[in-house]
Structures are given as structure tokens and as C-alpha cells.
There are 2 protein chains.
Amino acid sequence: MSIRIGILGYGNLGRGVECAVKQNPDMELAAVFTRRDPSDVSILTKEAAVCNVADVEEWKDKIDVMILCGGSATDLPEQTPEYVKFFNVVDSFDTHAKIPEHFENVDKAAKQSGRIGIISVGWDPGMFSLNRMYANAILPEGKDYTFWGKGVSQGHSDAIRRIAGVKNAKQYTIPVEDALASVRAGENPELTTRQKHTRECFVVLEEGADAAKVEKEIKTMPNYFADYDTTVHFISEEEIMANHSGIPHGGFVIRSGKTGWEQENNHVIEYSLKLDSNPEFTASVIAAYARAAYRLSKEGQSGCKTVFDIAPAYLSAKSPEELRAALL
Amino acid sequence: MSIRIGILGYGNLGRGVECAVKQNPDMELAAVFTRRDPSDVSILTKEAAVCNVADVEEWKDKIDVMILCGGSATDLPEQTPEYVKFFNVVDSFDTHAKIPEHFENVDKAAKQSGRIGIISVGWDPGMFSLNRMYANAILPEGKDYTFWGKGVSQGHSDAIRRIAGVKNAKQYTIPVEDALASVRAGENPELTTRQKHTRECFVVLEEGADAAKVEKEIKTMPNYFADYDTTVHFISEEEIMANHSGIPHGGFVIRSGKTGWEQENNHVIEYSLKLDSNPEFTASVIAAYARAAYRLSKEGQSGCKTVFDIAPAYLSAKSPEELRAALL
């Protein structure tokens, strides 16, 4: 029998989950839940239902794992503890500083309902976290580095769009090659914010807007751009649609550490991602953890889990015997 | 209370484990077991005992995890099922094709004794296996690549040393840059053995040996060199000691895969290691899994486990709360 998946929230991430479910033969999409009028929402999977989120409880026994595809700012802090009352859930909560609080809330609700809630699944938090953790456990004496990009930062693109005179904008975060090279060489550099990443902006102006003024406003924006070397390109709406409509991303997690009786040997562990579609990759990680949620629940486990708490084999459609024979 | 570690077999790997234990404050080295006369074996840790392997059973209640540092060809197939009768054990069994059989033997003995046996720990098998598995679970439609090096292959160095006229030799396995670049670009190339790695040999000849004959014998050696582009350098004994006495290694595990409704997006996941000391890094991975063996045993679990079966958090000295706050 297939694992019956529900998707709550049908934006980029929800559509990514729909595609990921299609690629996993042991899963099927049961229903998509939306805050919009279901008749206005058209999905790709012919066999799946589209329902209003108000009716979600009716699906309690018809969905094995509900994927929560809302945002971390306001949706997930409410939704994950709420829906874990009725379903095993997976979310991609990514406000790092608030993870401990979110964990406690979900854990309490999940233990009461006897369900599994896996939080903060994706690539950062998610696969990057896992790689930081494994590398720290292996090399207790060392230094961690995380670089992001080259990729689109939705938050920074939105910040530019809020400037008066800006019609459209896309911002790329780019790791500084020299900094990466130094880290990879095991030099353990101390790096400032400016030395790690640059920011490149592609901006479409409203008619009659003052380019110099917009450029200055971007480059001096606190938190977002002031601490970085920022480049601004003004381009046409046609150009931004043609060349900058994708949502690529990626990055590097590197740990450099010492071993030996006198710490005489150096080691570099590096994990990197190069992603054409940030939401589709995040969704693919989520699909694998949905399989884990289903299996943990079948075993009778309950409570909140993160990527740290789940043995790798739970993610794979292959049996333990197949994994040992083929991938170990 | 510290986790009391035993080391069985005191070669390069055993010494690496001794160094790794020193770097983990929650562990202490209790004893080293050797087949040699203990009075001939001098270890680095002042507080630890050196004992003959014949006396190992006396340590049954004084060691929490025994690290088996023998070879995969003849030692571990016998030792791991034998010593798991008395101890929780970790080994680095690396004969990939025989892992299923080794697992069954260790699992049976470990379940009978109520102990934990973690097998095939290190970097390949080990961290490379984990990364292959995670990447396969995330991107079900894709292609795997493993490259090794640049690093010393002990087996190939030994094979050269067995040739008549050869006094000493060191062989480096080197990944082909163009092949790596093509894989990283998501081109999914089909690569022959020759297209993936080259082999570079540094050879010291016995006095009066025929260099041309030795070079031909190396380059045409079946399995070891015939399928590769091989370079042979003849150097002096002084030069090989000065420049080639280390045991560096490393490599790359890359999975390239597609997502999207029409598989329109490509993703590349890459994990790489650059290691000054192959045995010390392997030992560092083993130390982390020794912690896991200890904890699993405390929970009352028993049987054989691999890296696929163990939740990442078991490897870390940090608490789950600390991990969520600091590394997620």
C-alpha cells in the first residue's frame, strides 16, 4: 500500500512536493489543502483532491503524512502544533533561532496525539545541519564554515522590491571564491560577513525612477546589504523574465579539523549543493522524511523529531538488506 | 563516567583510535590488546594497559566498547563475531561485496550475547556510504559517482613492492579532473575505469634492477594497473622517505539528479574529503560510532548495525537540545 500524502499550502514548495511524490513509487498524493477557493486551484496530479483547509479534519484517516508548506514567519508556528493533532506532519520551519521553541510546541502536541512531527526539513536547516553535525562529531577539534549560493534570496529580492521606484528585482547571494579556497586549503581563516559573500542585484525600475537613488538605497540598506559588497544592474522587465525567472540556490558546508597525538594532521570535510530549483530540492528532502514519519508512526513512536533523530535507513524506499548490498 | 574504550590491534588504525579517544573528553582508553608480547608494545596513553589478546575476556566488565582494528581479509570476519560475544564492538570491515555475509554473522552473535556490533565504519564504507544513501533517498532519479584520491592506495603500493627488483614503492590514486568537472556540471557522463582515475607510482629500485622491465610489469599488471593510465617515477630511498611517507587520501561522492513534473530541473549533491591521514580520519569516525554503540547498548538494544541504522544524534557528545540550538 502506498503512503498517502497530503499537501497543505500550494505555493512553490507545495508544487515541489507534488512533483517529488510523483518520483517516489511508494507514495501517492491524496489531497491538496488550500486557503483559496478549491475551484480556483488547479493541480498537476489528476487523481488527487483539492480541498479547503477548513475541511482538513475529515481527512484524518485518509492521509498518512501531511506536508505543511506554509511560511516560517507566521504559518508554521501555528500550523505544525495544530495539525499534528490529526496527522503525522513534516514541515520546513527555517527560523534557526526559534527552532528550540518550535520543537517544544510540536513535541507536546505530538505526544498528546500519538503522532510524529518532523520539523525543519530541507537543506538549511536539513541536509546542511546533518552535515555540520556529522562533521562535528567526527572532528571534535575544528572549525565550521557555511557558504550559501550562488542562488536567489527571496528575502533580499523582496526587500529591493519594497524600495520606491522599483518595479521588479532579483538578488543573488554569491560566495567569495578566495574565501572558499582558503577554507578548503585548511587555512582556518577568520572571515567577516563581507569576506564570505557578495550580493548581486538585477533591478527593473518604474518609469521615471532615479537609478542612482535606488542603487544607493539598496547598497546602504541595513542588515540586508550594508555589510556586503553589492553590485546593482538595471535591466528591462523582458530581461528579468527571460534570464532571472528561476529559483536556483545551493551552498557549501565545510569543516576543517585536526587529528593526531600532537594535532599534526589536517582534514577537510565538504558538502555542497548546486540546485536548479530551491523549492523542488527542499520538497525532495521533505518527501524522504515523509517516508520516515510514516514508518516511525507505524512503529508506534510519537513526538517531535528532527533530522538528527532519524536513522538514515528510514528515508529510503530500499530495504535494509538492499541498502547494505548496494550502497554501503 | 567516561566511555571505556578498548583497542584490539595496534597498527596505524589502532594508533589513530588512541589519538581520537584523546580528543573526545567523554571517552577514555582502558587497554590495548595485541598479539605481540605486550612488553614489546609501547603506546602513547600513559594511563592505559597493554595486554595480550589472549587475556581479553578478563576485561569483559571493564570495557564499554572494543574497537577492532584488524584487517578485512582475514582478521575481522573471525574477530567481530567472536568478540561481540563479550563486548560491544565497532569494526571497519571494508570488503564491500562481503558486507551482507559479515552482517549476518555479527548480527547472530550480537543478538545471542545482547551486545551491539557496528560494522563497516570509516569513510568508504562509512561516510561515503551515508552520503550515497541520503542522496539516493532525496533524488530517486539520478546517477551516482564515487571518485577516490588523491591518495595512497596501500594495496597498489604493496602490489608494486612484490615485483622483483623493487625495494620500495608508493602508489597514488588520482581522480581525473575533466571527469569530475563533467559530473559536477550535471552532464551525467558514462565513464570507463580509465576515464575516472589515473595512477601515479613512486618506485625505489634494488641495485642493478632493470627500470624498463619494472615499469612495464607495473603498467601491464591485471586488475591493479592495466585498465588505468599509469605514470611511474623512479626515485631514491631518501626521496621516498622525505616526500612520500604520509598516508593521505580522500575522494568525492556525487549524485546528480532531476526533479520537476517533466524532470526539468537538475541538482548536484557532492560530498568530499581531503585527508592528511587516512587511518586517523577512519579512527575519528569510529570513535563517534563507539559513542553510538555505548548509548544503543545502554538503551538495551542489541544486534548488528551499520551507519544506515543509527540516528545521527547518537554520534555527538552534545545533548539533543544543544544540537538543535547550535547545529540545526
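Please keep in mind that the model is predicted.

Let's begin with the symmetry. Chain B superposes on chain A by a rotation of 180° with 0.0 Å of shift along the axis, and the RMSD is 0.0 Å. That is the relation of a two-fold axis. The two copies also use the same surface, since 100% of the contact residues of chain B recur in chain A. If you want to find the axis on your screen, look for B:A311: of the residues of chain B, its C-alpha comes closest, at 1.9 Å.

Now for the interface itself. Between them the chains bury about 6200 Å², and 62% of that is on carbon and sulfur atoms. Three residues, B:Q23, B:W261 and B:L328, supply 15% of the area that chain B buries against chain A, more than any other three.

What about polar links? There are 31 residue pairs in polar contact across the interface, counting pairs with both residues at pLDDT 80 or more, while the count of salt bridges between the two chains is zero.

Which parts of chain B touch chain A?

In chain A it covers residues 265–275, and nine bridges join it to β13 of chain B, with the two strands running antiparallel. To see one pairing, pick A:L273, whose bridge partner is B:I269.

Finally, a few backbone details in chain A. Most residues other than glycine have a negative phi, and most peptide bonds are trans. With that in mind, have a look at the bond from A:D124 to A:P125, which is cis with omega near 5°. A:P125 sits in the loop between β6 (116–118) and α4 (127–138). Another cis bond runs from A:G149 to A:K150, with omega near -5°, and A:K150 is in the loop between β7 (142–148) and β8 (151–152). Then there is A:Q263, a residue other than glycine with a positive phi, near 55°. You will find A:Q263 in the loop that leads from β12 to β13 of chain A.

Terms used
Residues numbered from 1 in each chain as written. Chains lettered and ligands numbered in written order. Predicted model: local features only at pLDDT ≥ 70, side-chain atom pairs only at ≥ 80, totals over all residues. Heavy atoms only, no water. Buried area = accessible area lost by both parts, 1.4 Å probe. Salt bridge = Lys/Arg side-chain N within 4 Å of Asp/Glu carboxyl O. Polar contact = N/O pair within 3.5 Å; in protein donor to acceptor, adjacent residues only side chain to side chain. Pairing = 2+ DSSP bridges. Helix = DSSP H or I, 4+ residues; strand = E, 2+ residues; numbered from the N terminus. Least-squares fit on C-alpha atoms with pLDDT ≥ 70 in both. Contact = heavy atoms within 4.5 Å.
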